[in-house]
Structures are given as C-alpha cells and as structure tokens.
Amino acid sequence: MTVAIDPYAEAAPSRGLRFLPALNPLAKIAAPLPAMIALVFARDLVTPLSFLVLAYAVLLVGARLSGRMLGLLALAIPASVLVIGLGFSVWADAARVDQSVAVLQLGGWTLYGGALATGFSTALRLGAIVSLALVGGLTTTGPDLVRSLVQQLRVPYRIGYTALAAFRFVPRFGHELEIIRQAHRVRGAHGGRGPLAAAARWGGYVVPLLAGAIRHAERVALAMDARAFGAHPTRTERHLVPFRARDAVFVVAFWTASAALFLLAGSW
C-alpha cells in the first residue's frame with residue numbers, strides 16, 4: 001500500500017535546538033533584514049565577516065540541514081567569496097590604492113593590498129547577505145510563507161492562495177515529467193547519445209508536459225470555483241501559522257546581536 005505524503009502539509013514540531021523550522025516565516029525575514037540592508041553600506045572586512053559567522057552559527061544550530069545544504073555552506077559560499085574577492089581585487093582601480101603595500105607584481109601590473117581589501121570586503125558583504133537570507137530561505141516552505149503573509153500581513157487571500165497553488169505546480173510538474181520520460185523510454189523514442197539526441201528528447205517532453213499543465217490548471221480553477229474562491233472577503237484556514245512570543249524573542253534577539261556586531265566592529 002502506498003501512502004501519499006503532502007509535501008506542503010503542516011510541518012511536525014521540531015525537537016531540541018532545531019528551532020528555526022518552528023518559527024514564523026515573517027520572523028525569519030524580519031530578523032536579518034535590517035542587517036542585510038546595513039551591510040550594503042559597510043566598507044570594512046570585520047563587519048561582513050562577523051555577520052557571516054553569525055548566520056552560519058544560527059543555521060548550524062537552529063536548522064536541520066541536509067548534506068547538500070551543508071555542502072553549500074561549507075564549499076559553495078566560501079568558494080564564491082574567494083572567487084568574487086579575487087575578481088574585484090583584480091578589477092579595482094590601482095590609482096586609488098597605489099599607496100598601500102604591493103602584494104604581487106607581474107610585469108607592469110601590480111596587485112596592491114588596498115585592492116585586496118576592497119575586493120574581499122565586497123565579496124564578504126555579498127556572502128554575508130546571502131547567508132543571512134538563507135536563515136529563512138532554508139527553513140521556510142513557500143506555502144508557509146504565503147500563509148503567514150495572508151494571516152499576519154493581511155495580504156488578500158485571492159493573491160496569496162493563487163501563489164500557493166502555483167507552488168504546488170512545481171512538484172507536480174516534476175512528477176509528470178518523470179512519467180513522460182519513462183513512457184518515452186518504454187517506446188524507445190529519441191534514443192541515442194549526444195547533444196542532438198538530448199535536444200530531441202527534451203523537445204518531445206514539451207508538448208505533453210504543456211498539455212498536462214493546462215489540464216491541471218483547468219482542474220484547479222474548477223475546484224476553486226466550486227469552493228466559492230473569491231466570493232467572500234475572508235476565508236477560514238486549515239493550517240494556521242501564528243506569530244508567537246518566541247518569534248518576537250527571536251527577532252529582538254537577532255536585532256540586538258546585529259546592533260552589537262556593528263558597534264563592536266566600529267562600522268558606525
């Protein structure tokens with residue numbers, strides 16, 4: 001017997017220190033948002049590095065991360081910071097930093113320490129902003145975000161639940177694409193290797209996938225009409241996403257930590 005699991009059903013309560021999934025999505029957006037905005041104007045190395053460490057600490061302690069997400073934090077973000085930092089260092093105007101120490105000289109080109117500081121401060125700012133965004137991004141589902149927008153920010157449910165229906169299209173498309181690919185394999189259609197065969201295979205997926213999407217959209221529209229969607233100013237909620245005291249505590253604590261980091265780093 002196969003048990004169907006709704007990937008967007010209400011999540012089970014988290015245990016132990018993994019507190020982020022249990023928080024309201026709006027709290028996870030509001031908490032790092034001031035720091036993300038302020039980091040745009042920071043020009044030193046210490047401030048973005050401090051927030052990068054803070055974001056990593058919150059994610060590692062409060063989130064249940066998969067191996068892929070751990071790889072993203074351990075490899076992708078540091079590698080991106082390194083590449084972007086070196087790139088901006090090379091592109092920096094040497095005339096503005098030629099008073100600093102020369103780190104590398106190749107012929108008539110010189111890499112100055114000031115250029116490295118400028119490049120890596122920019123790269124660290126980007127890395128810190130992305131890492132802070134991941135605090136909510138890795139621990140929040142799209143439907144929960146939509147529900148919180150409707151319930152707390154009073155976004156019209158006609159807009160919110162239309163977005164919720166769109167979120168549900170994504171896994172369905174993946175399922176239908178897999179069925180279409182299996183059907184093509186059974187029929188031996190578009191066999192072979194190479195880029196031309198791959199293009200032919202994907203071209204054969206487009207029409208049935210589009211037809212399935214249109215049929216699904218029609219069924220969703222009929223189901224929404226049958227439930228009088230849009231006929232009343234408000235609707236009852238099956239899954240509640242309340243804003244609790246712990247959400248307010250998290251927001252205030254994060255704001256306090258952010259202000260302390262800015263003050264200790266001397267950015268202001």
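In this predicted model, helix H3 (residues 46–62) packs against H4 at an angle of about 165°, and the two axes lie 11 Å apart. An angle over 145° counts as roughly antiparallel, so H3 is roughly antiparallel to H4. The crossing of this pair is right-handed. On the H3 side, the residues that meet H4 are Leu-52, Tyr-56, Leu-59 and Leu-60, and their counterparts in H4 are Leu-70, Leu-73, Ile-77 and Pro-78. The contact of H3 with H4 is made up of 8 nonpolar residues, with no polar and no charged ones.

H4 spans residues 67–91 and H6 spans residues 113–137; the angle here is about 150°, with the axes 7 Å apart. These two helices are therefore roughly antiparallel to each other, and H4 passes H6 in a right-handed crossing. From H4, the contact draws on Leu-72, Leu-73, Ile-77, Val-81, Leu-82, Ile-84, Gly-85, Leu-86, Phe-88 and Ser-89. Facing them in H6 are Ala-115, Leu-116, Gly-119, Phe-120, Thr-122, Ala-123, Leu-124, Leu-126, Gly-127, Val-130, Ser-131 and Leu-134. Sorted by class, the contact of H4 with H6 holds 16 nonpolar and 6 polar residues, and no charged ones. Readers tracing H4 in the structure may like to pick out Leu-73 and Ile-77, which meet H3 and also take part in the contact with H6.

H7 contributes Gly-142, Pro-143, Val-146, Arg-147 and Val-150 to the contact, while H8 contributes Tyr-157, Gly-160, Tyr-161, Ala-163, Leu-164, Phe-167 and Arg-168.

The largest pocket contains about 700 Å³ of space. It is lined by 18 residues, and those closest to its centre are Tyr-161, Leu-164, Arg-168, Met-224 and Arg-227. H8 and helix H9 (195–226) each supply at least two residues of this lining, and H9 gives the largest share, 5 residues. By class, the lining has 7 nonpolar, 3 polar and 8 charged residues. Three of the residues closest to the pocket centre, Tyr-161, Leu-164 and Arg-168, are also named on the H8 side of the contact with H7.

Notes: Residues are numbered from 1 along each chain as its sequence is written. This is a predicted model: local features need pLDDT of at least 70, side-chain atom pairs count only at pLDDT 80 or more; totals for chains, interfaces and linings use all residues. Side-chain values use heavy atoms; hydrogens and water are left out. Axes are lines fitted to C-alpha atoms, for helices over the stretch in contact, and angles run from 0 to 180 degrees between N-to-C directions. Helices (H or I, at least four residues) and strands (E, at least two) are DSSP runs, numbered from the N terminus. Angles under 35 degrees count as roughly parallel, over 145 as roughly antiparallel, 65 to 115 as roughly perpendicular and the rest as oblique. A crossing is left-handed if the near helix is turned anticlockwise from the far one by less than a right angle, and right-handed if clockwise. Contact means heavy atoms within 4.5 Å. Ala, Val, Leu, Ile, Met, Phe, Trp, Tyr, Cys and Pro count as nonpolar, Asp, Glu, Lys and Arg as charged, and the others, Gly among them, as polar. On a 1 Å grid over the protein atoms alone, a cavity is a set of points where a 1.4 Å probe fits but cannot get out, and a pocket is an open set with protein on both sides within 12 Å along at least five of seven lines; lining residues have an atom within 4 Å of a point. Grid points are joined across faces, edges and corners, and a volume is the space filled by probe spheres set on the points.
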